[in-house]
Amino acid sequence: MKSFLKTVAAAALVAATPFMAVADGHESQRYVLVSHAPDSDSWWNTIRNALTLAGEQMGVEVEYRNPPTGDIADMARIIEQAAASGPDGIITTLADPTVLGDSIRAAVDAGIDVIIMNSGTPEQARDVGALMYVGQPEYDAGFAAGQRAAGDGVTSFLCVNHVISNPVVAERCVGFADGLGVELGESMIDAGQDPQEIQNRVMAYLNANPDTDGILTLGPTSADPTILALEELGLAGDIYFGTFDLGENIVAGIRDGVIQWGIDQQPFLQAYLPVVVLTNYHRYGVLPGNNINSGPGFITADGLELVEALAGEYR
Amino acid sequence: MSDNGNGDGGALAAGGPDDERIKKTGGLRQWLIRPELGGIVGVIAVFIFFGVLAGDSGMFNAQGIMNWSQISAQFMIIAVGACMLMVAGEFDLSVGSMIGFAGISIAMFGVVWGWPMWVAILITFAICMGVGAINGVIVVRTGLPSFIVTLAFLFILRGFTIFIPQTVENRTIIGGIEEAAEGDWLAAVFNTDLAGWLFRWLADIGVVDTFSRGTRAGEPVISGIPMLIVWAFVLVIIGHVVLTRTRFGNWIFAVGGDAQAARYVGVPVDRVKIIMFMTTAFCATVFACVQVFEFGSAAADRGILKEFEAIIAVVIGGALLTGGYGSVVGAALGALIFGVVQQGLFFADVESSLFRVFLGVILLFAVILNTYIRRIITGER
Amino acid sequence: MADPIVHMENITKHFGPVIALNGVSFDVKAGECHCLLGDNGAGKSTFIKTMSGVHKPTSGEIMFEGRKMNFASPRDAMEAGIATVYQDLAMIPLMSVTRNFWMGREPKKGFFIDFDKANSTTMSEMKKMGINLRSPDQAVGTLSGGERQTVAIARAVYFGAKVLILDEPTSALGVRQTSNVLATVDRVRKSGIGVVFITHNVRHAMAVGDRFTVLNRGKTLGTAARGEITPEELQDLMAGGQEMAQLEGSLGGTV
């Protein structure tokens with residue numbers, strides 16, 4: 001029995017050794033990225049891969065940490081832990097400022113540079129003392145999309161909002177209207193979550209407002225039924241159609257020419273850029289003077305091949 | 001039976017007061033048969049392991065120690081309840097959901113409906129312990145395995161935890177608890193840092209780091225011992241004393257060891273079990289209180305999978321899944337091992353997805369060791 | 001001998017349509033060992049449970065020290081002085097001898113269990129029964145089956161049992177352990193306690209019994225004093241007569 005236990009212990013140690021990084025006395029910079037995503041969320045693979053890539057390219061040590069169940073309170077402890085381990089910088093999402101604020105501020109006050117990525121806003125990032133925010137501010141993304149649509153000759157639009165209760169997401173429509181240079185007015189509809197309802201409402205709106213020449217949807221939930229609505233009305237391909245985020249049907253829509261572009265917030269950049277920024281800041285003292293928008297990246301029929309090839313890895 | 005010289009009828013036949021065949025039991029054996037042994041060995045092993053691997057990573061500076069102490073203290077709070085319940089022969093899988101539920105309950109009463117925070121806290125304790133009692137009553141009345149009954153409550157409570165704030169407030173995260181709890185005496189019991197002077201002194205002599213910038217520049221990075229840790233210690237001590245020193249504790253062992261035998265000698269089996277379910281609910285609510293008052297918000301997804309973490313800590317701490325055997329101190333050591341391993345792997349820079357692998361290995365190792373120790377104790381085969 | 005401590009008259013017990021006991025009369029006096037014999041299914045365990053307060057009889061009377069009793073629970077019966085040692089539910093193996101011994105009646109000193117008293121009493125009571133414990137902390141699981149029975153008996157005696165019901169105490173034991181338990185029964189009887197010894201083993205019954213009652217198909221078939229009946233007659237009564245005699249013949253009288 002005793003010898004068996006010893007064997008088990010020894011085996012565990014040996015098995016573990018390859019995964020242990022040698023504590024190297026911090027010759028190179030060390031950065032920890034903390035996310036709020038549970039282990040099950042595969043979207044974050046892109047983040048992890050980009051982080052690893054940035055670490056290799058910059059020659060710095062990078063670590064990825066997340067609460068296994070997505071519990072934000074656990075995440076606060078992880079940030080505290082990361083701070084205690086004395087890294088040069090922490091890159092973290094700001095999923096819930098009330099819960100994470102104190103932990104992040106304590107890290108900042110202890111002399112660790114923090115960059116907020118993905119979740120949160122530039123204001124919240126400034127509030128907790130972070131150097132900058134890297135992500136896709138909703139309004140700015142909408143505004144850029146609106147400008148692009150204006151350039152393509154769009155004059156009026158319909159915004160299909162399936163999460164009307166979330167004011168942050170609605171900012172996308174507000175920004176789009178401003179970018180287009182028109183009043184938002186009645187052009188944002190509360191589409192609900194049900195695909196059939198969304199389809200009917202889009203059809204009803206387009207029938208009532210036949211001069212509408214642009215559509216913006218806020219994600220696959222509203223984009224997929226909108227594609228069906230356009231096909232039914234015979235407007236598919238005729239009407240200017242842009243959407244936030246990507247999905248299988250959206251990609252197909254872009255390929256078929258039904259959708260002009262999909263907006264990608266480019267998670268790759270959300271992980272990659274902070275590492276680059278922090279490294280250069282710590283090595284050469286240079287720091288960009290503003291927040292960085294990782295998106296909107298516009299995905300059109302032209303770049304679609306690359307997106308499909310790298311989906312889930314870097315895109 | 002092992003025939004170790006005084007087994008079988010030997011003792012009876014010998015009879016006399018000075019039976020030379022009765023082994024004198026040394027202090028060592030007394031010590032060996034404690035259920036905490038596995039936990040003690042594990043704690044030593046884990047500290048040596050991480051002392052070597054992560055000794056210079058910040059794990060053992062003041063912040064690092066505070067970090068894994070807090071994580072361990074969290075586990076301890078729920079492990080105390082889970083341990084005593086497991087000794088009484090039952091499980092509670094609704095602990096994690098109860099944590100989320102209790103947090104939302106405090107936020108609903110104290111923030112959304114604007115009741116005084118201490119009232120909100122007391123009502124929450126009453127509701128949660130009531131749910132614990134319902135768990136218990138269903139288990140003892142129906143004779144169903146508590147595994148299933150509390151699994152049902154895992155879903156029921158989580159469902160309400162999402163439904164209630166969603167319906168009333170259109171959101172599942174409720175903030176503003178810090179402001180609402182300002183100056184409340186009972187909230188302070190869950191969120192105060194004690195012995196701040198100690199850390200200021202430690203900072204003065206250079207043992208503890210200070211903030212280098214910001215509004216708190218010059219203050220120690222640790223402002224005091226959080227109530228989380230105080231609660232953990234208080235609950236462990238009370239749990240240990242009740243279990244080992246009191247009549248009620250003896251009944252808990254008896255109920256878990258053999259409910260029928262306990263019933264025959266007049267132990268109120270059903271009452272003991274129901275009280276134990278209420279105890280786990282109490283511990284879960286304490287966990288929730290400490291958490292919401294520290295972080296200032298309650299969210300419907302808090303506490304997911306915490307029931308398993310509690311059970312794992314208890315099992316690492318030497319308790320038997322089948323009931324009737326275990327130790328609160330052991331469970332606390334199990335929680336310490338769990339917390340130190342979880343955070344230690346971060347400090348040691350191990351790929352975080354491997355945490356589960358380590359957890360599984362430790363769990364297996366602990367169970368094998370504990371089974372082995374128990375066989376020594378009881379002589380069973 | 002004096003009046004019986006417990007006297008049960010014409011007890012019946014029905015479980016729905018099932019008649020488990022159909023007219024059982026039985027008594028036990030102080031200082032005697034009254035053996036109740038019966039084959040499996042004869043109604044022995046229903047009878048024990050009726051006597052110890054687990055079941056209420058459907059009809060019939062239970063007299064305890066001359067008074068009519070109506071036990072509501074095992075606790076009532078226990079407090080009156082009827083202690084039962086069940087065959088396999090007597091002890092909790094994972095708990096120490098002391099904790100088992102005092103289970104349900106732990107001595108208190110203030111808020112806590114008085115372990116000094118509990119341990120020393122346990123040791124001395126066990127010594128009286130002829131068992132020297134290594135330590136009162138020793139788990140019951142480390143004791144032999146016979147020793148466990150003895151702990152249970154010592155416990156009942158210590159807590160003032162006037163009547164001790166032993167449910168098949170010897171059925172799972174080896175030869176040596178059996179004789180130890182029988183010696184314990186003898187010791188208990190001599191201290192003035194009435195023992196009800198339930199068994200289906202005639203040999204064990206004959207070794208310690210003062211009187212013998214046979215239970216068959218829910219009825220008592222009469223009581224005989226020591227010397228009035230032979231083991232063979234008891235065996236026949238238990239099995240219900242003829243077939244058994246034939247069987248026994250073919251087995252050469254070894255059953």
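Of the 381 residues in chain B, 54% count as buried, where buried means 20 or more other C-beta atoms within 10 Å of a residue's own, exposed means 12 or fewer, and partly exposed lies in between, with C-beta atoms placed from the backbone. This is a predicted model, in which local features need pLDDT of at least 70 and side-chain atom pairs count only at pLDDT 80 or more, while totals for chains, interfaces and linings use all residues. Residues are numbered from 1 along each chain as its sequence is written, chains are lettered from A and ligands numbered from 1 in the order in which they are written.

Staying with chain B, there are 17 helices and 4 strands; these are DSSP runs numbered from the N terminus, helices being H or I with at least four residues and strands E with at least two. The radius of gyration of chain B is 23 Å, close to the 21 Å from the globule rule for 381 residues, so chain B is as compact as a globular protein of that length. That radius is taken over C-alpha atoms, and the rule is 2.2 Å times the number of residues to the power 0.38. Along the principal axes, the C-alpha atoms of chain B fill a box of roughly 80 × 55 × 35 Å.

Now one helix pair. α11 (residues 227-245) and α14 (residues 269-295) of chain B pack at about 165°, with axes 10 Å apart. Axes are lines fitted to C-alpha atoms, for helices over the stretch in contact, and angles run from 0 to 180 degrees between N-to-C directions. That makes α11(B) roughly antiparallel to α14(B), the term for angles over 145 degrees. M227(B), L228(B), W231(B) and L235(B) of α11(B) meet C283(B), V286(B) and V290(B) of α14(B), contact meaning C-beta atoms, placed from the backbone, within 7 Å. By class, this contact has 7 nonpolar, no polar and no charged residues. Nonpolar covers Ala, Val, Leu, Ile, Met, Phe, Trp, Tyr, Cys and Pro; charged covers Asp, Glu, Lys and Arg; the others, Gly among them, are polar.

How many residues does each chain give to the contact between them? Chain A gives 37 and chain B gives 44. On the chain A side, α3(A) gives the most, with 8 residues. That side has 18 nonpolar, 10 polar and 9 charged residues.

Last, a loop residue in chain A. L287(A) sits between α11 (267-284) and β11 (292-293), and is partly exposed, with 14 other C-beta atoms within 10 Å. Beyond its neighbours within four places in sequence, L287(A) is in contact with L131(A), V277(A) and Y281(A).

Key: Two residues are in contact if their C-beta atoms, placed from the backbone, lie within 7 Å. Angles under 35 degrees count as roughly parallel, over 145 as roughly antiparallel, 65 to 115 as roughly perpendicular and the rest as oblique.
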